[in-house]
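Here are my notes on the model. Please read them beside the coordinates.

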Amino acid sequence: DALPICKAGQEGLFAKTGTAIIGAAPTPVKSNEEINIYSAWLVGWLEPAASGTGRRMAFACTVTPTTQFGAQACGPIMRGILEHLPQHAAAGAPTR
């Protein structure tokens, strides 16, 4: 299941996730289940009004290695960053 990186239906936010299998983890002797190791990613952008900075802002996240898919691994990371954007824009943070 995908984890939202913002409020549902937020206008001006566009993102795409992905996951690549990069190998298999060692499995316990008594287990026949193979656990995949992934490279997870999330990329996207915010339109100027959504970023709070008046500028379009691109972002990317990658987590390697992980046992999670792109949205699971990167969604919470990007949500934490994006939630702080309005605070920085209001405080006069640099826009470039």
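1. Terms first. Two strands count as paired if DSSP finds at least two bridges between them. Helices (H or I, at least four residues) and strands (E, at least two) are DSSP runs, numbered from the N terminus.

2. Basis. This is a predicted model, in which local features need pLDDT of at least 70, side-chain atom pairs count only at pLDDT 80 or more, and totals for chains, interfaces and linings use all residues. Residues are numbered from 1 along each chain as its sequence is written, and side-chain values use heavy atoms, with hydrogens and water left out.

3. Confidence. pLDDT is the predictor's confidence in each residue, from 0 to 100. The chain mean is 82, and 77% of residues reach 70 or more. β3 scores highest, at a mean of 96, and helix α3 (residues 85–90) lowest, at 62. Where pLDDT is low, predicted coordinates should not be read in detail.

4. Strands. β1 (residues 13–25) runs antiparallel to β2 (residues 35–46), over 12 bridges. Within that pairing, G23 has I37 of β2 as its bridge partner. β2 also pairs with β3 (residues 57–66), again antiparallel, over eight bridges. There, Y38 stands opposite T66 of β3.

5. Core. A nonpolar core is a set of buried (under 20% relative accessible area, 1.4 Å probe, protein chains only) Ala, Val, Leu, Ile, Met, Phe, Trp, Tyr and Cys residues joined through side-chain atoms within 4.5 Å. The largest has nine residues, including L13, L42, F59 and M78. β2, β3 and α2 (70–83) each give two or more. α2 gives the largest share, three residues.

6. L46. This core residue has contacts (heavy atoms within 4.5 Å) that include L13, F59, L82 and L85, leaving aside residues up to four places away in sequence.

Technical notes: Buried < 20%, exposed > 50% of the residue type's maximum accessible area, 1.4 Å probe, protein only.
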